[in-house]
Amino acid sequence: MTEVDTALAGRHALVTGGSRGIGAAIADRLARDGARLTLVARDLDRVTETVARLPKSAQAQAVACDVTDPAAVATAFVCAHQRHGAVDILVNNAGQAASAPLRRTSDELWHRMLAVNLTGTFLCSRSAVTDMLAAGHGRVINIASTAGLRGYPYVTAYAAAKHGVIGLTRAMALELAGTPITVNAVCPGFTDTDLLQESVAQVIDTTGRSADEARAAFVRHNPQGRLIEPSEVAATVAWLCSDAAASLTGQAISLSGGEVM
Ligand code: NDP
């Protein structure tokens, strides 16, 4: 039987990109901490499968939504509200990380990176804040990246978007500091998910390196010599959701084994 804690009992968490990788790990952790859940992603079948694996107590619902589409985001929040009432925890996790040298960064790639990583975070945050003010409690947690704190070659659009997420986090935190809402960013280093596998495959394609060499190139960034686990990101999110983190707002927390920013 799945053990469920009560630390987040009564809370309603909406996790974008909750179908796999870091988002699925966050959903699992928040469910085990007692929250009710709404999970959002574009592929409804996949997010429905993830929902089916969560503890029944989470009464999780799956909602198909592209976070870059304002109308779809508005509808997703209506669905969330109808099922579980006010959203009082929002985890903006949906993201993509396409890479290309600057001179081969197309307009499409640029706009897609900003749309999913930055505009999606803005749209969901704007929708959530009204609910949170009404609920008298709110946690907005943005899954940014170490690429929001420093540059890396070949990811200009992604890094610009993630730096934007940090700016959005800081500005929202100050604007809402007189309310019960906190806003923080979590900045993982390279984390073992599908997204990382796609980056490894691209390095193999473009450089002819072996899979082990390509993976090692990502591991090398982390002074601890390893990839971050999705469950580690989820544990930090869970802590930010707790009452113990009430005074923490406007922060960008690096989860990267000590990588220097
Ligand atoms: P994955 O590729 O494993 O999962 C991405 C999730 O986002 C999926 O659920 C996907 O579902 C969803 N998603 C993608 N685009 C959209 C969209 N337009 N609208 C709604 N949902 C969308 O990625 P990770 O778990 O690795 O990454 C999660 C977050 O963590 C991202 O913001 C990423 O930038 C960040 N991050 C990841 C790192 C890593 O090394 N893995 C390092 C640092 C930060 P679907 O495709 O069905 O929409």
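User: What do the values rest on?
Analyst: The model is predicted, so local features need pLDDT of at least 70 and side-chain atom pairs count only at pLDDT 80 or more, while totals for chains, interfaces and linings use all residues. Residues are numbered from 1 along each chain as its sequence is written, and side-chain values use heavy atoms, with hydrogens and water left out.

User: How many aromatic pairs are there, and why is the one of Tyr152 and Phe190 called edge-to-face?
Analyst: A search of the whole structure gives two aromatic pairs. Rings of Phe, Tyr and Trp (its six-membered ring) pair if their centres lie within 6.5 Å; planes under 30 degrees apart are stacked, over 60 edge-to-face, and the rest tilted. The ring centres of Tyr152 and Phe190 are 5.6 Å apart and the planes stand at 65°, so this pair is edge-to-face. Tyr152 is in the loop between β5 (138-143) and α5 (156-175), Phe190 in the loop between β6 (181-188) and α6 (194-207), 38 residues apart. Helices (H or I, at least four residues) and strands (E, at least two) are DSSP runs, numbered from the N terminus.

User: What makes Phe190 and Phe218 an edge-to-face pair?
Analyst: Their centres are 4.9 Å apart, with 70° between the planes, and the limits are within 6.5 Å and over 60 degrees. Phe218 belongs to helix α7 (residues 211-219) and Phe190 to the loop between β6 and α6, so the pair ties together parts 28 residues apart in sequence. Tyr152, Phe190 and Phe218 form one aromatic cluster.

User: What makes Arg150 count as lying over the face of Tyr152?
Analyst: The condition is NZ of Lys or CZ of Arg within 6 Å of the ring centre and within 35 degrees of the ring normal. Arg150 lies over the face of Tyr152, at 4.0 Å from the ring centre.

User: Why are β3 and β7 called edge strands?
Analyst: The open sheet has seven strands in the order β3-β2-β1-β4-β5-β6-β7, with parallel pairing. β3 (61-64) and β7 (252-255) each have a single partner strand, so one side of each is without a neighbour in the sheet.

User: How do you know that β1 and β2 pair?
Analyst: Two strands pair if DSSP finds at least two bridges between them. Strand β1 (residues 12-16) and strand β2 (residues 36-41) have five bridges in the parallel sense; in β2, Arg36 is the bridge partner of His12. β5 and β6 pair in the parallel sense over six bridges.

User: What makes β6 mostly covered?
Analyst: Eight of its eight residues are buried. Ile181, Val183, Ala185 and Cys187 cover one side, and Thr182, Asn184, Val186 and Pro188 the other.

User: Why does Gln96 count as buried, and what does its side chain join?
Analyst: Gln96 has 19% relative accessibility, so Gln96 counts as buried. Gln96 sits in the loop between β4 and α4. A polar contact of 2.9 Å joins its side chain to that of Arg112. Such a contact is a pair of N or O atoms within 3.5 Å; within protein, one must be able to donate a hydrogen and the other to accept it, and residues adjacent in sequence count only if both atoms are side-chain atoms.

Key
Buried < 20%, exposed > 50% of the residue type's maximum accessible area, 1.4 Å probe, protein only.
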